[in-house]
Amino acid sequence: MSATSGDLLADRRYAWGAGAFKERDFEGAADLFRQVIEIAPEWAPAHLSLGDSLMGLGDRAGAQIAWGHALRLDASGVLGAALKIAALGAGRAPAAAPREYVRALFDEYAPRFDTHLREKLAYRGPELILAAIERACGLRGREFWFDRALDLGCGTGLMADELWKRVDSMNGCDLSPVMIEGALLSGKYSNLRVADVGDYLVSQGEDSSDLVVAADVFVYIGDLEPLFAQSARVIERGGLFAFSVQRAEGAEWSVGADLRYAHSRAYLGRLASKHGFEVAVLDDASTRKDAGVDVPGLVAVLART
Ligand SMILES: C[S@@+](CC[C@H](N)C(=O)[O-])C[C@H]1O[C@@H](n2cnc3c(N)ncnc32)[C@H](O)[C@@H]1O
């Protein structure tokens, strides 16, 4: 998606609108974004921002229409309009966040990811997952050691910081090349690949791993069924599948106002038994805060039977 509308005046009004939005002057912002749309009607960011402003004014129906235009004009999905519409409870939620959206989000976020996540959001996913893996090993009488671990959506490598003393080799993948650069610098991975987690699992051999982890990654993926099926193929008998999710109540999975996916305990249990996993640990746990409040979540460790 182009960062410019192609018209200087429209770009300037868009910048003013963005400024007004930041100041929470939603009325003024909406007015400016409408002016941009008059000049550059096919430029998706103006529609998206108009929708955001209308949402700020409490006009959900207007926001839905504006985001719908953005969705139609943004073929790559980079702007995340589909997630915004799904969060309204309108329209069918995409099975996963668009790849271009995730890549753009984390390429931009990567340089401040570690400090922002740790200090502002009190992120503790990797520590909670490590503790859950240790407990699952104890419960199953398994050594707390792994020969070949895979880190799905490895980001800058925070999971490896926790796990590296417990694994012989660790490989990882992530959609964001800039996040992967951070993981490379950690020096804790044998192999890293810029790839979608689904594609990455498909490329792995049968029974080729004894641990698959995904820390705070399934918040960008709604339908986990294909990943469970592939993990079951890749993880050898007795191996573990450990991950965190945001907790949904009711629906199997849904998109929240934070544009992240949440999954229900019942859904994870159903997928586990369908794909040959036993639930070793499935605990309520919050991996991060949002506006100072713990986000409800689950930490799971499943054992391949
Ligand atoms: C919140 S970060 C967590 C990173 C790391 N696991 C950690 O605990 O620090 C989520 C990561 O998942 C990656 N991600 C999201 N969806 C993905 C997908 N479909 N395939 C690969 N990576 C994905 C993002 O690029 C991002 O680096």
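The crossing of α1 and α2 is left-handed, a term used if the near helix is turned anticlockwise from the far one by less than a right angle, with right-handed for clockwise. This is a predicted model, in which local features need pLDDT of at least 70, side-chain atom pairs count only at pLDDT 80 or more, and totals for chains, interfaces and linings use all residues. Residues are numbered from 1 along each chain as its sequence is written. Helices (H or I, at least four residues) and strands (E, at least two) are DSSP runs, numbered from the N terminus.

**α1 with α2**

- Helix α1 (residues 8–22) packs on helix α2 (residues 26–39) at about 160°, and the axes are 8 Å apart; axes are lines fitted to C-alpha atoms, for helices over the stretch in contact, and angles run from 0 to 180 degrees between N-to-C directions.
- The two helices α1 and α2 are therefore roughly antiparallel (angles over 145 degrees; under 35 counts as roughly parallel, 65 to 115 as roughly perpendicular and the rest as oblique).
- On the α1 side the contact includes Leu 9, Arg 13, Trp 16 and Phe 21, and on the α2 side it includes Phe 26, Leu 32, Phe 33 and Ile 39; residues are in contact if their C-beta atoms, placed from the backbone, lie within 7 Å.
- By class, the contact of α1 with α2 has 12 nonpolar, 3 polar and 1 charged residues, where Ala, Val, Leu, Ile, Met, Phe, Trp, Tyr, Cys and Pro count as nonpolar, Asp, Glu, Lys and Arg as charged, and the others, Gly among them, as polar.

**α2 with α3**

- The axes of α2 and α3 are 9 Å apart, at an angle of about 155°.
- α2 and α3 are therefore roughly antiparallel to each other, and their crossing is left-handed.
- Residues of α2 including Phe 26, Phe 33 and Arg 34 meet residues of α3 including His 47, Leu 50 and Leu 54.
- This contact of α2 with α3 comprises 9 nonpolar, 4 polar and 1 charged residues.

**α3 with α4**

- Helix α3 (residues 44–56) and helix α4 (residues 60–73) cross at roughly 165°, with axes that come within 8 Å.
- That angle makes α3 roughly antiparallel to α4.
- The crossing of α3 and α4 is left-handed.
- Among the residues that meet are Leu 48, Leu 50 and Met 55 in α3, and Arg 60, Trp 67 and Leu 73 in α4.
- The contact of α3 with α4 divides into 10 nonpolar, 4 polar and 1 charged residues.

**Domains**

- The protein chain is divided into domain 1 (8–92) and domain 2 (105–304), with bounds from an automatic or database domain assignment.
- The C-alpha centres of the two domains are 33 Å apart.
- Domain 1 gives 5 residues to the contact and domain 2 gives 4.
- The side of domain 1 that touches domain 2 has 3 nonpolar, 1 polar and 1 charged residues.

**Ligand shell**

- The ligand is surrounded by 22 residues, of which Gly 153, Gly 155, Leu 158, Ala 215 and Tyr 220 are the closest; a residue is near a molecule if its C-beta atom, placed from the backbone, lies within 6 Å of it.
- At least two shell residues each come from α6 (99–120), α7 (125–140), α8 (158–163) and β2 (167–174).
- By class, the shell around the ligand has 15 nonpolar, 4 polar and 3 charged residues.

Methods:
Two residues are in contact if their C-beta atoms, placed from the backbone, lie within 7 Å.
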